[in-house]
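The following exercises concern a single protein chain. Please study the sequence and the structure before reading each solution.

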Amino acid sequence: MLRRQALWGLAGAVIALPAAARQRSEDGIAKGRRGGPNMIKGEPPRLDFGGGLVIPMNASIFRTLWEGEDRWVTYGRAVSRLEVKAMQQAEIAATGTMKLMLLTQAFAPERLVRFESCGWRNRTNDAKDLVLGEVALPGKPVMPTTDRITGSVTDGDTGGGGEDGWHAVTGYMVMKKDVTLAEVRARAQLLKS
């Protein structure tokens, strides 16, 4: 289950900035650092990256390709007994979601449906309907966060018993100036369309 603390960690990156780097306004918006998102208070809080990219900070961030005028963003999450392993797995999940969704957007956009105001989701919720392949992307992980969880990590190493561990969430961002959908189509090596 998605932990509210991890989502607040993502949104908290904006709030935790030094006072000189952010400005509070009367309209419920915490201004982020230059080039970073602004947090819009509310339920759920939202990150406003500008250019029409406003992302709700709740479980809907996963399995969604978020699109603004100048960028795409996806998110991944993972749980592990080791903090570094949880973060690595979250980065793999965010990167994999980006590749699946951009390949589908480039080759079979009819398989995606608009979600919220700037998100794209699989029309059928069946992963088999996404375009599978490999494509080199010029993106990078953004806004990584981890939080400690107690007694809820189970895997082959724990013998089925719950142990303390780490929950990690990270985003993956690709700027549209660095790659277009036409370039995704040209670079892609499809495994299944």
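**Exercise 1.** Identify the backbone atom that lies 3.2 Å from a polar side-chain atom of Thr 170, and describe the setting of Thr 170.

*Solution.* Step 1: the atom is the backbone oxygen of Val 142, 3.2 Å from a polar atom of the side chain of Thr 170. A polar contact is a pair of N or O atoms within 3.5 Å; within protein, one must be able to donate a hydrogen and the other to accept it, and residues adjacent in sequence count only if both atoms are side-chain atoms. The model is predicted: local features need pLDDT of at least 70, side-chain atom pairs count only at pLDDT 80 or more, and totals for chains, interfaces and linings use all residues. Residues are numbered from 1 along each chain as its sequence is written, and side-chain values use heavy atoms, with hydrogens and water left out.

Step 2: Thr 170 belongs to strand 11. Helices (H or I, at least four residues) and strands (E, at least two) are DSSP runs, numbered from the N terminus.

Step 3: Thr 170 counts as buried because its relative accessibility is 0%; buried means under 20% relative accessible area, exposed over 50%, partly exposed in between (1.4 Å probe, protein chains only).

Step 4: leaving aside residues up to four places away in sequence, Thr 170 touches several residues, including Thr 74, Met 87, Pro 141 and Val 142. Contact means heavy atoms within 4.5 Å.

**Exercise 2.** Which residues touch the most other members of the largest nonpolar core?

*Solution.* Step 1: a nonpolar core is a set of buried Ala, Val, Leu, Ile, Met, Phe, Trp, Tyr and Cys residues joined through side-chain atoms within 4.5 Å. The largest has 20 residues, and Leu 65, Trp 72, Met 98, Leu 137, Val 174 and Val 184 touch the most other members.

Step 2: helix 2 (83–107) and strand 11 (163–175) each supply at least two residues of this core. Helix 2 gives the most, with six residues.

Step 3: among the residues that Met 98 touches, not counting those up to four places away in sequence, are Leu 65, Trp 72, Leu 137 and Val 174.

**Exercise 3.** Where is Phe 115 found, and which residues does Phe 115 touch beyond four places away in sequence?

*Solution.* Step 1: Phe 115 is in strand 7, which covers residues 112–115.

Step 2: beyond four places away in sequence, Phe 115 touches Ser 60, Thr 64, Trp 66, Trp 120 and Arg 121.

Step 3: Ser 60 and Phe 115 are 55 residues apart in sequence, and their C-alpha atoms are 9.2 Å apart in space.
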